[in-house]
Amino acid sequence: MTDYPEDVYTEPSDFDVHTLNNLGPLTGLAGIWEGTRSLDVNPKAEGPEKQVFVERIELQPIDPQTNGPQLFYGLRYHTHIVKPGQIETYHDQVGYWLWEPATGNLIQTLAIPRGQVAMAFGRAAKDDTSFELVATRGSEMNGICSNPFLEYAFKTIEYRVKVTINTDGTWAYDEDTVLMIRGKTEPFHHTDRNVLTKVAEPTPNPLART
Ligand code: HEM
């Protein structure tokens, strides 16, 4: 992250506004997806609970985003998860997936309604079909912030997500959220995985529609 220019204000002017053509390793994630080949392992007083779930995730392209000379292409996402046959939300998550072509840096931001946010970093080349991102509690860049109750009872020390884009057009994720639970000495691995199948195409970003 040190190869940045002295001029931190001037924005690039000649970039392509068609986000869907410039998502690099995130290309295979754009769209609306559903998945049931899932497994959640979550903490309960009596021990780890294993649960299959039904997920719907929307990943929609956003306009290219600049910070001065820095340029990101990305997707805004919303994940909604229920238990099979139920209405009640089991897990909800929003954020962005971002790719910086100039550096190969990948970012996932996530916010969940437990009062928790995180930003995970990774790297991938344009045509990579698998990549891993990590957030670590205490980091000033790829950190995790939790509300005071979670800090007290379920301290989240690491979050890791591995994505694999499959040749049949599906994609899969494998997550490990490491919790230090009050009263326990060993970390708890709150893991989640799923395979997602496309149910609708993405909507091109606003600038690509002009
Ligand atoms: C597919 C993804 C996920 C699913 C289905 C899921 C589901 C769950 C469930 C069912 C619980 C137990 C809730 C309870 O007993 O009240 C739980 C706990 C927790 N989850 Fe997740 N989770 C997911 C991802 C994440 C992620 C990405 C994070 C943070 C980076 C996270 C953070 C936590 C924390 C801190 C707890 C402990 C709080 C508690 O047990 O009440 N989860 N999760």
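**Entry 1, the ligand shell.** I started with the residue types around the ligand: 10 nonpolar, six polar and five charged. That is a shell of 21 residues, and Asp40, Asn42, His91, Phe154 and Asp192 are the closest. I note for myself that this is a predicted model.

Which strands supply at least two residues each of the shell around the ligand? I found strand 2 (39-42), strand 7 (89-100), strand 9 (116-123), strand 12 (154-165), strand 13 (171-181) and strand 14 (188-200).

Next I looked up the largest nonpolar core, which has 29 residues. Leu29, Leu59, Leu75, Trp97, Trp99, Ala118 and Ala120 have the most contacts inside it. Two or more residues each are given to this core by strand 4 (54-61), strand 6 (70-82), strand 7, strand 8 (105-112), strand 9, strand 10 (130-136) and strand 12. Strand 6 gives the largest share, four residues.

I picked one of the core residues with the most contacts, Trp97. Leaving out residues up to four places away in sequence, Trp97 touches Leu26, Leu29, Leu59, Gly74, Leu75, Tyr77 and Gln108.

I stepped back and counted one helix and 14 strands. Of the contacts with a separation of 6 or more, 54% join residues 24 or more positions apart.

Methods:
Residues are numbered from 1 along each chain as its sequence is written. This is a predicted model: local features need pLDDT of at least 70, side-chain atom pairs count only at pLDDT 80 or more; totals for chains, interfaces and linings use all residues. A residue is near a molecule or strand if its C-beta atom, placed from the backbone, lies within 6 Å of it. Ala, Val, Leu, Ile, Met, Phe, Trp, Tyr, Cys and Pro count as nonpolar, Asp, Glu, Lys and Arg as charged, and the others, Gly among them, as polar. A nonpolar core is a set of buried Ala, Val, Leu, Ile, Met, Phe, Trp, Tyr and Cys residues joined through C-beta atoms within 7 Å. A residue is buried if 20 or more other C-beta atoms lie within 10 Å of its own, exposed if 12 or fewer, and partly exposed in between; C-beta atoms are placed from the backbone. Two residues are in contact if their C-beta atoms, placed from the backbone, lie within 7 Å.
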